[in-house]
Amino acid sequence: MLSCTLCQQKISIDELEVHSRVCSAQPKMNGATLSSPKRERLSITVSRLPVTTADNPVFKINTAKSGGNDVVRSYTDVYWLKSRLVIECPECLVPPLAPFSTSFPITSQIFELQRFLSGIAAHNILKNSSIFDRFLSCSSGEFDELRVEMDLERKLRSSPARLRSSTLQNQEIAFTQCEKYLVAMKTNLRGLLKSFYAKSQDGKSYESWFKSICKSEPKGTYVETVCDGMARLCKDIEKQRDDVD
């Protein structure tokens, strides 16, 4: 979407040519073109708080939207505002803002914030955005909650496909592990039953089959405990049999 520089109406690229002809042909009165009413300029003043730190400096921001009261915002709060305006108003050119750095002198930070916020206030669309209005009117606690809420919402919107992909991958791994477990259990039980019904024990002993089942089980399960006990019991029986022979 684009924004008409004459009437500020949002239009698509396909509507640009038609809208330009209609909007530029403004009605005239007494031979003079009607001019748009003057818009009141929003005045913003930024100053440093006496109690602040170099790692996270905070500032007082005063404007008519705050009812004449100061709102307290950090440099990172203002930078977050910039990133949100870029997302919510893609058709507008948001003024640049240098990233925060501890080597940035405090006077330069104030100048940078003043320049950025004044640029927003001078823009006919950006200054009327809901996020800018809440930036200038919310208390510090309310604004922190707003940041958390909007960042979480953005994260949920941007990652459903990735979450679905990760979930499907985890399910596939779980199914593969389950399949391997069932195949191993089937093989071990079949071998154990054959050994029970065989007249003469060939190949693996009862102890070996119970050990195989025990190894294929997750740690701490009932089947693992029982098969481990059965393996030791079969070993003792075989040892006693050898002693008797």
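Reader: Which residue is the bridge partner of Ile61 in S7?
Author: In this predicted model, Ile61 has Val71 of S7 as its bridge partner. Strands are DSSP runs of E with at least two residues, and helices are runs of H or I with at least four, numbered from the N terminus.

Reader: And how many bridges join S6 to S7?
Author: There are 5 bridges between S7 and strand S6 (residues 58-63), and the two run antiparallel. Two strands count as paired if DSSP finds at least two bridges between them.

Reader: What order do the strands take in the sheet?
Author: The order is S5-S6-S7, an open sheet of 3 strands with antiparallel pairing. Strand S5 (44-48) and strand S7 (70-74) are the edges, each pairing on one side only. From one strand to the next, the twist averages 30°.

Reader: Nice. Which strands does helix H3 lie across?
Author: Helix H3 (residues 106-122) lies across S5 and S6, at about 160° to S5. Angles run from 0 to 180 degrees between N-to-C directions, with axes fitted to C-alpha atoms, for helices over the stretch in contact (heavy atoms within 4.5 Å).

Reader: What about H4, which strands does that one touch?
Author: Helix H4 (residues 130-137) packs on the sheet and touches S5, S6 and S7, its direction making about 110° with that of S7.

Reader: Switching topic: how many helices and strands are in the chain?
Author: The chain has 8 helices and 7 strands.

How values were computed: Residues numbered from 1 in each chain as written. Predicted model: local features only at pLDDT ≥ 70, side-chain atom pairs only at ≥ 80, totals over all residues. Heavy atoms only, no water.
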